Amino acid sequence: MKKFTKRIVTAGIVAAMTMALVGCGNADTSTNSSASEGADGNTEVTVYAIKDPQMSAAYYVALDQGYFEEEGLDVNTEVVASGPDLASYVASGSNIVAMGTTYNLFAWLENNVPMKAVTPLCNIGGTQNCAIRKGIDITEDNVSELEGLTVGMVPGAEAYLPLEKLFEEYGLDISTLNFVNLSASEQLAAISSGDIDLMVCWEPFVTNAVNEGAHYLCSGTKNFVADPENGKDVNYGQFYTCLEASEDVIESNPELLGKMCTALNKATDFINNNREEAISILAPIYEMDEDMLGVIMNENNYTTEVDDNFVDGCITVAEYAVEADVTSKVFTEKDYADWSILKSVLPDKVTEE
């Protein structure tokens, strides 16, 4: 990544993460345990969840289908608006169970917040997207016209990586792009009005832009320059969300987390084997149209497997975190994950070499 691009990409995310982690002194730091025994004998646990099909689809399906209760758990949901909001909760307590991306983990670890991934939940590479505005038609014959365009982006967004890979594939200079710091909703308005040429974002914002006349350009799994209609299959990025827990919970409550892994795996199987029913369950929770939610969920890969794709994807994201000055080193698997609990309850899910 060229240096001037790095400055634009980095400033916002470092500020956001620093404010969330340092500013948590305003929060209640007298942390309660994440788990306790309820009146019915079940184990009560509070989980921090973002209402997003990339983050929490298996979680909400597990709630709907009673999979947590089957495992003897009473789960209370603390809804969190966004990643930066989640960071403040995570940093303010020592007994936390939450859902987030591996990129979240790297930022937390950089700030000495001891969280680790317990099980993968979703490969979201297909929903980390770039779109190009109506009126600019890019094919492999004129792909060089991408240089010099104006790009809207949330600083540090993982969706930058597919765009970078696309430019590398065609030998283009990404430093020619003019990056503008815009929120996801601001990007949607700006690309519709023509104030930006490209948006680098996640779902449902990119598909909303396409429904208003924009075109898909690329994602972690698709190249729409090579195949504008269906997208050519590529590997521009494997990005994952996980169930994550503080080290205190991992050490003191492995049985609880094992039950959560089992319930979430059941929900993942339900999503993959009963997609239409899963969509009907989740659409009102996410307040989304079922057709739109179906488009998004079909680009996600819901999985609890720790395989080579997961490990390779995390290496790419960890390197990007350093490049973007979010972290000072490349965090390794032993830093950000503890698969001992997953192995104990679902040993066939850990297949990495």
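Q: The expected span of a helix is 1.5 Å times one less than its number of residues. How far does helix H11 reach from its first C-alpha to its last?
A: This is a predicted model, in which local features need pLDDT of at least 70, side-chain atom pairs count only at pLDDT 80 or more, and totals for chains, interfaces and linings use all residues. Residues are numbered from 1 along each chain as its sequence is written, and side-chain values use heavy atoms, without hydrogens or water. Helices (H or I, at least four residues) and strands (E, at least two) are DSSP runs numbered from the N terminus. H11 has 12 residues, and its reach is close to the expected value, at 16 Å.

Q: Which residues of H11 are buried?
A: Buried means under 20% relative accessible area (1.4 Å probe, protein chains only). The buried residues of H11 pack against H2, H10, H12 and strand E14, with contact meaning heavy atoms within 4.5 Å. They are Arg275, Ala278, Ile279, Ile281, Leu282, Ala283 and Tyr286.

Q: At what angle do H11 and H12 pack?
A: H11 covers residues 275-286 and H12 covers 290-297, with their axes 9 Å apart. Axes are lines fitted to C-alpha atoms over the stretch in contact, and angles run from 0 to 180 degrees between N-to-C directions. For this pair the angle is about 115°.

Q: Which residues of H12 make the contact with H11?
A: On the H11 side the contact is made by Arg275, Ile279, Ser280, Leu282, Ala283 and Tyr286. On the H12 side the residues are Glu290, Leu293, Gly294 and Met297.

Notes:
Buried < 20%, exposed > 50% of the residue type's maximum accessible area, 1.4 Å probe, protein only.
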